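Open the model in your viewer and keep the selection panel to hand. This tour goes stop by stop, with what to select and what is there.

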Amino acid sequence: MRTAFGETFDVPPGYLNTASVGVPSTTTARAVAEAVARWARGADAPPVFDEPVAVARAAFGRVVGVPADRVAIGATVSQLVALVAASLPEGTRVLVAKGDFTSLTFPFAARGHTVTEVPLDELPARAADHDLVAVSVAQSADGRLADLAALRATGVPVLLDATQAAGWLPLELDWADWVVATGYKWLLSPRGTAWLACSEAALARTAPLVANWYAGDDPWTTVYDLPLRLAADARRLDLSPVWHAHVGAAVALPWFASLDRAAVHAHTTGLADALRAGLGLPPAGSAIVSLDVPPEPLLAAGIAASTRAGRVRLACHLSNTRDDVDHVLRALA
């Protein structure tokens, strides 16, 4: 059992795979287990889950710096990006980073928009020739960071995927048109939670293409019959929630929102840069480390990592310590 930032984690030594699956705190895991136990006894009813949904929504807003009334809920990043892609005019010119995660890029291509890939560091310089820039704040494969200040300065509409950044990188993204993220990685929530934060102008442009009872102005009075009665705020974009996933997120996200962001950033990137330094690599300021090494020594040493884009990917999060870094360095020595 590990203690970090006021929480405990039943995570084994050498778990450096948060960029694939975040391991919840024992408090989060207990909340979900208790909800599942209530389900097994028939002790819950649908309205019980309204509060966790609202709590997680508001906390996600605090994590990315956007008011709760401009945050919609979904189940996956691709579903939420698809809402944006379907709301754009036909033939919209979308600029993306080469090698970015396809849940961000595929929805635009599938909709028939003109999607152009360029190297990550070229996005700001190329933005003016496009109608939208869609990019991950931190690249999934290697943790490289988008130049958010430069993108903001272009004035071109921006969609940011914060999935690999929210939870370790301090974020104030109220300036972006759209911000998406899923909860099951760095936000240590169950799979089935995702959020879409919108600027006021972007919210007005985003069509409620998954309109359903939960997107109603009062979900418990919009379960039957027309006319259409959608919420006036971002809830009109909501997907009906994955109940037990939001129970976990309602514990995990308020905790993240309460943490000292600078301390979290220093801890995660400090461990990652210590790992890089131990291997003779320069610091990168990212909690994700991508290495051109064979995965077999790490597997043999019991280190949990991933292989992405032909390289080993390791992720340093809150429950990791210098012991995990040393474990990797010994395995690769």
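Patches are made of residues with over 30% relative accessible area and no salt bridge, where like charges are joined within 9 Å and nonpolar side chains (Val, Leu, Ile, Met, Phe, Trp, Tyr) within 5 Å. Accessible areas come from the Shrake-Rupley method with a 1.4 Å probe, and for residues only the protein chains shown count as cover. A salt bridge is a side-chain nitrogen of Lys or Arg within 4 Å of a carboxyl oxygen of Asp or Glu.

Two notes on the model. It is predicted, so local features need pLDDT of at least 70 and side-chain atom pairs count only at pLDDT 80 or more, while totals for chains, interfaces and linings use all residues. Residues are numbered from 1 along each chain as its sequence is written, and side-chain values use heavy atoms, with hydrogens and water left out.

**Stop 1: the nonpolar patch**

Select W220, V223 and Y224. Together W220, V223 and Y224 make a nonpolar surface patch of about 330 Å². V223 sits in the loop between α7 (200–205) and α8 (243–258); helices (H or I, at least four residues) and strands (E, at least two) are DSSP runs, numbered from the N terminus. Is V223 buried or exposed, or partly exposed? V223 is partly exposed, at a relative accessible area of 35%. On this scale, buried means under 20% relative accessible area, exposed over 50%, and partly exposed in between (1.4 Å probe, protein chains only).

**Stop 2: H246 in α8**

Move to helix α8 and select H246. H246 counts as buried because its relative accessibility is 0%. Show its contacts (heavy atoms within 4.5 Å). Leaving out residues up to four places away in sequence, H246 touches P52, V53, A56, I73, G74, G192, T193, W195 and P241.

**Stop 3: S189**

Next, select S189, in the loop between β8 (178–182) and β9 (194–198). S189 is buried, with a relative accessible area of 5%. Which residues does S189 touch, not counting residues up to four places away in sequence? They are G183, Y184, A249, A252 and L253.

**Stop 4: strand β4 and its partners**

Select β4 (residues 93–97) and β5 (residues 114–118). β4 and β5 pair in the parallel sense over five bridges; two strands pair if DSSP finds at least two bridges between them. Zoom in on V94: its bridge partner in β5 is V115.

β4, α4 and β5 make a right-handed β-α-β unit. To check the hand, point the strands away from you: a crossover is right-handed if the path from the first strand over the helix to the second then runs clockwise.

β6 runs parallel to β4, and three bridges join them. V96 has A134 as its bridge partner in β6. How many of the five residues of β4 are buried? Four of the five are, so β4 is mostly covered.

**Stop 5: salt bridges**

The structure holds 10 salt bridges.

- D131 and R93: the closest N and O atoms are 2.9 Å apart. D131 lies in the loop between α5 (123–126) and β6 (132–136) and R93 in strand β4, so the pair ties together parts that are 38 residues apart in sequence. D131 is partly exposed at 31% relative accessibility, and R93 is partly exposed at 38%.
- R38 and D44: the closest N and O atoms are 3.1 Å apart. R38 is partly exposed at 25%, and D44 is partly exposed at 24%.
- R126 and E122: the side chains meet at 3.4 Å, N to O. R126 is partly exposed at 33%, and E122 is partly exposed at 33%.

**Stop 6: P157**

Select P157, in the loop between α6 (148–154) and β7 (158–161). P157 is partly exposed, with a relative accessible area of 23%. Not counting residues up to four places away in sequence, P157 touches D131, L132, V133 and D177. Draw a distance to T307: P157 and T307 are 33 Å apart, C-alpha to C-alpha, and 150 residues apart in sequence.

**Stop 7: helix α11**

Finish on α11 (residues 322–332). The buried residues of α11 are D324, V325, H327, V328, L329 and A331. What do these buried residues pack against? They pack against β1 (2–4), α9 (261–278), α10 (296–300) and β12 (311–315).
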